[in-house]
There are 2 protein chains.
Amino acid sequence: MSYETYFQNKREQHLDELKQFLTIPSVSALSEHKKDMIDAAKWVAAKLETAGLEKVEIIPTGGHPIVYAEHIQAPGKPTVLVYGHYDVQPVDPLHLWETPPFEPSIRDGKLYARGATDDKGQLFLHVKAIEALLDQENKLPVNVKFCIEGEEEISSPNLPAFMKDNADKLAADVVLISDTSLLAKGKPAISTGLRGLCSLEVTIATANTDLHSGTFGGGVPNALHALVSLLASLHDGQGRVAIDGFYEGVPELSSDMREEFLKQDHDDEQLRANLGLEALYGEEGYSFVERTGARPTLELNGVYGGFQGEGTKTVIPKEAHAKITCRLVGDQDPARILDRIAAHLESHVMPGARLVIKRGEQARAFNMDPSHPMLQKAADAYEQVYGTRALFTKDGGSIPIVETFSRILQAPVVMMGFGLPDENLHAPNEHFNLDNFDKGLLTIVAFLKQL
Amino acid sequence: MSYETYFQNKREQHLDELKQFLTIPSVSALSEHKKDMIDAAKWVAAKLETAGLEKVEIIPTGGHPIVYAEHIQAPGKPTVLVYGHYDVQPVDPLHLWETPPFEPSIRDGKLYARGATDDKGQLFLHVKAIEALLDQENKLPVNVKFCIEGEEEISSPNLPAFMKDNADKLAADVVLISDTSLLAKGKPAISTGLRGLCSLEVTIATANTDLHSGTFGGGVPNALHALVSLLASLHDGQGRVAIDGFYEGVPELSSDMREEFLKQDHDDEQLRANLGLEALYGEEGYSFVERTGARPTLELNGVYGGFQGEGTKTVIPKEAHAKITCRLVGDQDPARILDRIAAHLESHVMPGARLVIKRGEQARAFNMDPSHPMLQKAADAYEQVYGTRALFTKDGGSIPIVETFSRILQAPVVMMGFGLPDENLHAPNEHFNLDNFDKGLLTIVAFLKQL
């Protein structure tokens, strides 16, 4: 029986199972859901078992458990490590959900529930693809390992150490992840790059108390003046980051990459209108998709100090704060970037202002050459199912664990996403288009059979 | 009987009366105290009556009433208009008061209560000084009018219109106000200048929603970037305001004024240490007392936008806000200054950012020449009682009603304060040093007798 027919026959049963999975409120960020996390891990383990995988384990970590399973019966064939996560984002604001987040419901060909697309729905596709292959052919065309974590939405605090300690167990020829999106309906995409990240918090302190601007204004340092002039010095007037050495390790865009970006046929004007912007803005000489996909950036995410209430308060605030993140590309080293930012801030801070810098996250950028055979085979699989070849894109966001997989396992990572950009990830009314549910199963099967 | 003896004999009675006044919680800002406001106005009216003043009136306004009284029986003599206010500041945070704010208590020669020094205690001195003169001499050396309002702590919304409508009734040769402080214990001061004020709120808007810094960072305008670069452009690196024409109407400091400022013998190092500052800061070429007393300033009182919670949020905020006030001197016109700031902001705002400016308060600076005979007579009176001549100072703060009196009534204003700078005005444990209560009565009597 064709896989189309097979999945058609099983469709109702598959959706019922996925709905079960989606009723478990496995919110990793909230300690009240600790038991739900274990239930979700058990659910995944049981389904892997049923699918025919072996050595299924629920492995405790310092946080939520990791589910491991394998099927190593194809000697001489490549080994595929499937990564996914069974944890989900919190659901607030609850009142904006049209149906409750943990009561899955299908409307207009879309399955609504928290985790429907990120990542329970997409992870589920891999379990059912393996099950289908074993059902239909009694064997797998490749060796398969599953590594499913419960902490992706809280930055995977335990997975990197687990990976290092179990590098042999996890060793693979390719890491396969479905936790991203198509470019648009019917336009498959394979991300070959993710930006890295580093973050810091900046505090400027001047006095030991807030001061009256009548009595002291003009005669004492104002923490807000010091902060805004310091923050303004971080960019030049052409949209570039004005920190010495910030662009070290940033590769120039090759004409191949520029061509690949052009293929996305991105509608800048549509985006501008959708977001209500006067104009797009960024580094001169680059398009929007280049700026967000292949160029680093430094963003102020929060700035605050002094009076925020209604009306006027004639206060000179004693301190002021900023939260900053950078997105990194190429070989930019997050630790070195933080050093350079700190050096810039220290040398630009105005006299009379005390500067405190608190460093936060650090993650390197991830990059793969689109010509890698694994990526080409993934593109073939998409083409077979969607009738159109996947584009190779660069994502502006950061999934630090992808770079960690690639570095520790020394394996290519194929990000074979089946979501859509407007499926409300991390927001109310998250959903998963069932058209991509169906096509996703077929694409995974096609990919594994080609390896 | 000497006035010293007279006031000594009456001291207990006077303090009992003042304590009565201080038990009335006449907080003008809080509508729940509306009846207390009327009680306080009635109390003042009754005391003015008892003191021997005539035509005592409680005059309704759109807000809290004004108390008027007069004693016009000294033909050919100057007319003194005494201004004061019977309303007080709110008392929060209540738990920091050592004794309840409306249960006056005397400790260490200080009378503790909300309003003790600002302004019930100081206003009371004028009532009792007049009563003493009438008691002892059966007549007054001058003509006297009282104009006591109940809205000073909420910016006197009704008094300017009342003044305009009743300019003849209030006409005077000098306005006498006791609502300020000595420089320090035993160091009387007469303020000959108050800075003006103007305020505005600035909003920068970019997108119609907050955006993810991964997906959009580097490709769209960031409201915080636009705001900090705009705000940073408001000052140069030498502590000056960098707005075209800002200093128009600012008088150069005369050598006389500089000498007068020097006499204050201000301890910059002590102030720096007290406030926990690394260094004082301000316009080059001016001392601290000159910067705050005789130079204009533009202060950021509040700046906010984006994420303020714990940790990191990779957001590009859609809007950002700033609250700004200027202190003005000399002939700076607040409306014109607001125009100039707006023009600066509009011409410096970064492309892609929408600017919204909301204008707030406007008040002109107040200035008197210290050589004015009325001020010299006030200094004489202080010298007689305190044994040391009052210094002529400039206050950095703004009391807009002073400039309004001077402008509408075309009369000099003598700010004859008897408070001390550390008496916790507007704060918990407000108090009034009774030494200055005693000396204040004598100084007012001495002043009136000299006119």
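Let's start with one residue. Leaving aside neighbours within four places in sequence, Leu448(A) is in contact with Val80(A), Ile130(A), Leu133(A), Pro141(A), Val142(A) and Leu176(A). Contact here means heavy atoms within 4.5 Å.

Some ground rules. This is a predicted model, where local features need pLDDT of at least 70 and side-chain atom pairs count only at pLDDT 80 or more, while totals for chains, interfaces and linings use all residues. Residues are numbered from 1 along each chain as its sequence is written, chains are lettered from A and ligands numbered from 1 in the order in which they are written, and side-chain values use heavy atoms, with hydrogens and water left out.

Back to Leu448(A). Which residues touch the most other members of the largest nonpolar core? They are Tyr86(A), Phe146(A), Phe405(A) and Leu448(A), in a core of 92 residues. Apart from that core lies another, of 91 residues, and its members include Ile66(B), Val82(B), Leu159(B) and Val445(B). A nonpolar core is a set of buried Ala, Val, Leu, Ile, Met, Phe, Trp, Tyr and Cys residues joined through side-chain atoms within 4.5 Å. Buried means under 20% relative accessible area, exposed means over 50%, and partly exposed is in between, using a 1.4 Å probe and protein chains only. In soluble globular proteins, nonpolar side chains tend to be buried together.

Now the helix. Helix 14 of chain A covers residues 434-450. Helices (H or I, at least four residues) and strands (E, at least two) are DSSP runs, numbered from the N terminus. Helix 14 of chain A has 17 residues and reaches 24 Å from its first C-alpha to its last, close to the 24 Å expected at 1.5 Å a residue. The expected span is 1.5 Å times one less than the number of residues. Twelve of the 17 residues are buried, so helix 14 of chain A is largely enclosed by the rest of the structure. Among the buried ones are Phe437(A), Leu441(A), Ile444(A) and Leu448(A).

Next, the two chains. A rotation of 180 degrees with 0.2 Å of shift along its axis superposes chain A on chain B, at an RMSD of 0.2 Å. That is the relation of a two-fold axis. The same surface serves both copies: 100% of the contact residues of chain A recur in chain B. The superposition is by least squares on the C-alpha atoms of residues with pLDDT of at least 70 in both copies.

Where does Phe216(A) sit? Its place is in helix 6, residues 213-216, of chain A. At 15% relative accessibility, Phe216(A) counts as buried.

Domains, briefly. Chain A is divided into domain 1 (3-194 + 365-450), domain 2 (196-250 + 296-362) and domain 3 (251-293). The bounds come from an automatic or database domain assignment. The C-alpha centres of domain 1 and domain 3 of chain A lie 28 Å apart. Their contact takes eight residues from domain 1 of chain A and seven residues from domain 3 of chain A.

Over to chain B. Gln332(B) is in the loop between strand 13 and helix 11. Is Gln332(B) buried or exposed? Buried, with a relative accessible area of 0%. The side chain of Gln332(B) reaches the backbone oxygen of Phe246(B) at 2.6 Å. That side chain also reaches the backbone nitrogen of Val329(B) at 2.9 Å. These are polar contacts: pairs of N or O atoms within 3.5 Å; within protein, one must be able to donate a hydrogen and the other to accept it, and residues adjacent in sequence count only if both atoms are side-chain atoms.

Then helix 11 of chain B. Asp333(B) caps its N-terminal end, with a side-chain oxygen 3.0 Å from the backbone nitrogen of Ala335(B). Buried residues of this helix include Ile337(B), Ile341(B) and Leu345(B). The buried residues of helix 11 of chain B pack against strand 9 (196-205), helix 7 (223-232), strand 11 (297-306), strand 13 (319-328) and strand 14 (354-363) of chain B.

Last, some backbone geometry. The peptide bond from Asp92(B) to Pro93(B) is cis, with omega near -5 degrees. The bond from Asp118(B) to Asp119(B) is cis too, with omega near 5 degrees. Lys55(B) is not a glycine, yet its phi is positive, near 50 degrees. Lys55(B) counts as exposed, at 61% relative accessibility.
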